[in-house]
Amino acid sequence: MAAVSDPVELGASFGPARPEPPPTRFHRVHGANIRVDPSGTRATRVESFAHGVCFSREPLAPGQIFLVEIEEKELGWCGHLRLGLTALDPASLVPVPEFSLPDLVGLGHTWVFAITRHHNRVPPEGRQAAEAAAPSRPPALLVEPYLCIEQFRIPRDRLVGRSRPGLYSHLLDQLYELNVLPPTARRSRLGVLFCPRPDGTADMHIIINGEDMGPSARGLPATQPLYAVVDVFASTKSVRLVQLEYGLPSLQTLCRLVIQRSVVHRLAIDGLHLPKGLKDFCKYE
């Protein structure tokens with residue numbers, strides 16, 4: 001359990017010196033309208049538009065992303081998924097507040113934002129302000145294998161949403177990779193993490209389809225356990241957790257990447273002489 005954040009050196013990543021954190025799971029404590037599947041990796045709001053607040057089962061480690069994919073949407077509601085962190089122990093929240101905003105945030109020690117692409121950033125400081133004012137270069141999601149956020153390097157492979165294989169999936173995949181779809185579109189992948197600072201505080205970052213939105217909040221207590229908060233709110237009906245590999249990629253992942261890079265598009269995998277299970281793994285993961 002990552003209960004306390006130890007100092008992390010610049011360029012730190014998970015490896016022999018820093019073991020990878022355990023797989024992410026949803027906490028047994030959640031909103032009244034949420035149902036979590038037996039694996040603890042899928043959360044669905046079964047009625048209404050509220051009482052959909054969920055938490056991570058364990059506190060996050062520094063640089064660990066709690067990453068969810070939007071699986072189902074529900075028409076007729078106004079509003080979308082909300083994401084953030086809390087220093088409150090979910091086990092102490094009985095009953096769980098109806099809304100993350102403003103109810104849970106109003107309890108204090110909680111930082112949650114409605115997911116958008118622009119307004120969730122705190123003002124930049126110093127050199128960061130100059131960099132923010134400089135013209136941005138085109139996205140390099142397909143070129144750079146790692147997403148660099150402050151002192152952490154995170155493999156980008158699983159951070160980007162992907163469409164279900166179909167007639168137009170090659171076009172949709174490009175829209176996810178360029179991050180031009182609405183951030184709460186179906187199959188978008190959204191994550192939250194915190195990065196410790198030398199003064200003992202931490203910055204919270206929100207990730208949308210492999211792109212860092214910059215610090216959304218500063219001054220979080222890095223020495224306290226910080227749990228992820230996911231509010232399955234309004235038009236967002238169901239989300240599933242996506243697991244990441246922080247150290248060296250597994251042999252399974254390397255094989256998948258080699259196969260995917262050997263074809264023009266995922267649909268071409270069907271024409272390869274491979275077992276069906278391997279084909280499905282390469283197309284859907």
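Buried here means under 20% relative accessible area. Keep that cut-off in mind for this tour of a predicted model.

**Stop 1: Phe99.** Select phenylalanine 99. Its relative accessibility is 17%, so phenylalanine 99 counts as buried. Look for this residue in the loop between β5 (82-86) and α1 (100-106).

**Stop 2: Phe49.** The structure holds 5 aromatic pairs. Phenylalanine 49 and phenylalanine 99 form a tilted one, with 6.1 Å from centre to centre and 35 degrees between the planes. The two residues are 50 apart in the chain, and phenylalanine 49 sits in the loop between β2 (42-45) and β3 (53-55). Is phenylalanine 49 buried or partly exposed? It is partly exposed, at 30% relative accessible area.

**Stop 3: Phe233.** Keep phenylalanine 49 on screen and select phenylalanine 233. The ring centres of phenylalanine 49 and phenylalanine 233 are 6.2 Å apart. Their planes meet at 70 degrees, so this pair is edge-to-face. Phenylalanine 233 belongs to the loop between β12 (227-231) and β13 (236-241), while phenylalanine 49 is in the loop between β2 and β3, so the pair ties together parts 184 residues apart in sequence. With a relative accessibility of 7%, phenylalanine 233 counts as buried.

**Stop 4: the cluster.** Phe49, Trp77, Phe99 and Phe233 make up one aromatic cluster. Then show arginine 82. Arginine 82 lies over the face of phenylalanine 233, 3.9 Å from the ring centre.

**Stop 5: Arg153 and Tyr146.** Here is another charge over a ring. Which ring does the charged end of arginine 153 sit over? It is the ring of tyrosine 146, with 4.1 Å to its centre.

**Stop 6: Ser56.** Move to serine 56, in the loop between β3 and β4 (66-73). Its relative accessibility is 1%, so serine 56 counts as buried. One goes to the backbone oxygen of glutamate 58, at 2.8 Å. Next, find the backbone nitrogen of alanine 228, which is 3.0 Å from a polar atom of the serine 56 side chain.

**Stop 7: the surface.** Finish with a surface view. Select Leu172, Leu175, Leu178 and Val180. These residues form a nonpolar patch on the surface. Together they have about 310 Å² of accessible area. Where does valine 180 lie? It is in the loop between α3 (169-178) and β9 (189-196).

Key. Residues are numbered from 1 along each chain as its sequence is written. This is a predicted model: local features need pLDDT of at least 70, side-chain atom pairs count only at pLDDT 80 or more; totals for chains, interfaces and linings use all residues. Side-chain values use heavy atoms; hydrogens and water are left out. Patches are made of residues with over 30% relative accessible area and no salt bridge: like charges are joined within 9 Å, nonpolar side chains (Val, Leu, Ile, Met, Phe, Trp, Tyr) within 5 Å. Accessible areas come from the Shrake-Rupley method with a 1.4 Å probe; for residues, only the protein chains shown count as cover. A salt bridge is a side-chain nitrogen of Lys or Arg within 4 Å of a carboxyl oxygen of Asp or Glu. Helices (H or I, at least four residues) and strands (E, at least two) are DSSP runs, numbered from the N terminus. Rings of Phe, Tyr and Trp (its six-membered ring) pair if their centres lie within 6.5 Å; planes under 30 degrees apart count as stacked, over 60 as edge-to-face and the rest as tilted. Buried means under 20% relative accessible area, exposed over 50%, partly exposed in between (1.4 Å probe, protein chains only). A charge sits over a ring if NZ of Lys or CZ of Arg is within 6 Å of the ring centre and within 35 degrees of the ring normal. A polar contact is a pair of N or O atoms within 3.5 Å; within protein, one must be able to donate a hydrogen and the other to accept it, and residues adjacent in sequence count only if both atoms are side-chain atoms.
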